[in-house]
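I opened a new structure today and kept notes as I went. Each entry records what I looked up and what I found.

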Amino acid sequence: MIRLHFNRPGNRTGRPPTTWLLDVPIFTVCPNCTFTPHEALRYVGSRYGYVGGFTCTQCRAKVSITDGDCRPPVRFTADTPGQPQVSFIYEDVYRLTWADLERAAELTRTPLIPPGEKGDVDVEAALRALEAEIARLNLPHASAPLPDGVTWVPLLLRAWLDALHTLGA
C-alpha cells in the first residue's frame, strides 16, 4: 500500500498545492556509485527531518534520507569526502508530484485527487485508472527510463512509472 497526502491550500495562503509521501516503500541507492540493493525501506515520516541513513557498502559514501519534518520533499543525499554532494527527491523520481497526478487525471479523464483542501490519494486506484486507459487504447506497455543513478524502484512504483510513460506523460 502507498499513501500519498495532498494539501490544496487555496488562495488564502498563497502556497502552491503539494503532495507528500506518508507511507511508501523507498529504495536505498547510493547516488554516488549507483549501488542499489533490491529491497525497499518503508517511509513513514521522520524525526525532526531525519528519516535515516547508511554507509554504502560499495564506495563507503555516507547517505542520508531527510524530509521537511514529515513534509515534502523526501530527499536522498550522499556525501563522499572530496566529491560533490549528490542528491535526488523521491517525489520526483517516483513522479508523485501534484503536476504528475494532474497529468494522469487528464489522461484518464478521472479525478485522482479527491475534492477538498486536504486528504489522501489512493495511488493503487490511480494506477488502475492508468492501466484501464492503456487497455482501452490498446497500447503496448513501455518501460519508463529511470533517472540517472537509479537502477531499481519497488514494483508498484515501477508499474506507475511505466503506465505514465506508456501514455506519454
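**Entry 1: cysteines.** I started with Cys33, which counts as partly exposed because its relative accessibility is 30%. My cut-offs are these: buried means under 20% relative accessible area, exposed means over 50%, and partly exposed is in between, with a 1.4 Å probe and protein chains only. Cys59 is also partly exposed, because its relative accessibility is 23%. Next I looked for disulfides, meaning pairs of cysteine sulfur atoms within 2.5 Å. I found 0 in the structure.

**Entry 2: what I am looking at.** This is a predicted model, where local features need pLDDT of at least 70 and side-chain atom pairs count only at pLDDT 80 or more, while totals for chains, interfaces and linings use all residues. Residues are numbered from 1 along each chain as its sequence is written, and side-chain values use heavy atoms, with hydrogens and water left out.

**Entry 3: overall layout.** I listed 4 helices and 8 strands. Both are DSSP runs numbered from the N terminus: helices are H or I with at least four residues, strands are E with at least two. Along the sequence the pattern reads β-β-β-β-β-β-β-α-α-β-α-α. The radius of gyration, taken over C-alpha atoms, is set against a globule rule of 2.2 Å times the number of residues to the power 0.38. The protein has a radius of 17 Å, close to the 15 Å from the rule for 169 residues, so it is as compact as a globular protein of that length. The C-alpha trace spans about 50 × 45 × 25 Å along its principal axes. Of the 169 residues, 44% are buried.

**Entry 4: the sheet.** I traced an open sheet of 4 strands, in the order β4-β5-β6-β7, with antiparallel pairing. Two strands pair if DSSP finds at least two bridges between them. The edges are β4 (50-55) and β7 (86-89), and each pairs on one side only. β4 and β5 share 5 bridges in the antiparallel sense. What stands opposite Tyr50? I found Thr66, in β5.

**Entry 5: the core.** I then looked for a nonpolar core, a set of buried Ala, Val, Leu, Ile, Met, Phe, Trp, Tyr and Cys residues joined through side-chain atoms within 4.5 Å. The largest one has 47 residues, and Phe27, Tyr90, Tyr94 and Trp160 have the most contacts inside it. Elements giving two or more residues include β2 (18-27), α3 (123-137) and α4 (155-166). The largest share, 6 residues, comes from α3. I checked Trp160 for contacts, meaning heavy atoms within 4.5 Å. Beyond its neighbours within four places in sequence, Trp160 touches Tyr94, Arg95 and Leu130, among others.

Entry 6: Most residues other than glycine have a negative phi. Arg60 has a positive phi of about 70 degrees, although it is not a glycine. Arg60 lies in the loop between β4 and β5. Is Arg60 buried or exposed? Arg60 is exposed, because its relative accessible area is 54%. Arg95 also has a positive phi, near 55 degrees. I placed Arg95 in the loop between α1 and α2. Arg95 counts as partly exposed, at 22% relative accessibility.
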